[in-house]
Amino acid sequence: MVDVIIALVLLQYLLFGALVSKARGKYGVKAPATTGHDVFERYYRVQMNTLEQLILLLPLMLLARSYVAEYWVALAGVLYLIGRFLYFRAYVADPRSRSLGFTLGLIPVLLLLLVVLVGGLWQLLS
């Protein structure tokens with residue numbers, strides 16, 4: 001179950017990359033430039049912020065399933081997916097409205113980090 005959610009998280013990231021590519025063409029921002037049109041920059045920031053979150057989320061999901069039921073880890077991944085989707089929609093429309101999506105994407109990362117830290121410490125002290 002966790003593996004499927006991880007695959008969906010990666011698929012979402014690929015989709016964001018494809019949307020950046022499409023926005024690059026639509027707004028005339030030639031590679032390797034990452035600036036040049038406000039809306040393109042929003043798409044680009046969504047992709048980069050998602051990458052920044054992925055580097056935390058993916059190993060935490062793999063580690064956390066050693067300490068809690070896979071169901072909970074998968075649920076955290078689903079919450080992340082929803083949060084990132086909301087973040088994408090809000091950020092592209094108006095970056096000031098991104099807070100809900102950002103928070104919903106960050107909460108699972110923080111919860112999984114807590115699970116791994118507490119689980120690892122518990123295992124170490126047992």
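How do the axes of helix 1 and helix 2 cross, and within how many Å do they come? I looked this up at the outset, and the axes come within 9 Å and cross at roughly 165°, where an axis is a line fitted to C-alpha atoms, for helices over the stretch in contact, and the angle runs from 0 to 180 degrees between N-to-C directions. That makes helix 1 roughly antiparallel to helix 2, since angles over 145 degrees count as roughly antiparallel, under 35 as roughly parallel, 65 to 115 as roughly perpendicular and the rest as oblique.

**Basis of the entries.** I note that this is a predicted model, in which local features need pLDDT of at least 70 and side-chain atom pairs count only at pLDDT 80 or more, while totals for chains, interfaces and linings use all residues. Residues are numbered from 1 along each chain as its sequence is written, and side-chain values use heavy atoms, with hydrogens and water left out.

**Overall layout.** I found four helices and zero strands in the protein chain, and from the N terminus on the elements run α-α-α-α; helices (H or I, at least four residues) and strands (E, at least two) are DSSP runs, numbered from the N terminus. The C-alpha trace spans about 60 × 25 × 20 Å along its principal axes. Of the 126 residues, 39% count as buried, that is, under 20% relative accessible area with a 1.4 Å probe and protein chains only, against over 50% for exposed and partly exposed in between.

**Helix 1 and its partners.** I recorded the crossing of helix 1 and helix 2 as left-handed, meaning that the near helix is turned anticlockwise from the far one by less than a right angle. The residues of their contact divide into 21 nonpolar, three polar and one charged; here Ala, Val, Leu, Ile, Met, Phe, Trp, Tyr, Cys and Pro count as nonpolar, Asp, Glu, Lys and Arg as charged, and the others, Gly among them, as polar.

I then turned to helix 1 (residues 2-26) and helix 3 (residues 70-93), whose axes come within 8 Å and cross at roughly 15°, and these two helices are therefore roughly parallel to each other. Helix 1 passes helix 3 in a left-handed crossing. Residues of helix 1 including Val2, Ile5 and Phe16 meet a set in helix 3 that includes Glu70, Tyr80 and Arg84, with contact meaning heavy atoms within 4.5 Å.

**Nonpolar cores.** Which residues of the largest nonpolar core touch the most other members? Of its 20 residues, they are Val9, Leu54, Leu57, Met61 and Leu112; such a core is a set of buried Ala, Val, Leu, Ile, Met, Phe, Trp, Tyr and Cys residues joined through side-chain atoms within 4.5 Å. Helix 1, helix 2, helix 3 and helix 4 (99-125) each supply at least two residues of this core, and helix 2 gives the most, with seven. Apart from it lies another core, of twelve residues, among them Val29, Val39, Phe40 and Phe88.

**A cis bond.** Most peptide bonds are trans. I noted that the bond from alanine 31 to proline 32 is cis, with omega near 10°, and that proline 32 is found in the loop between helix 1 and helix 2 (38-64).
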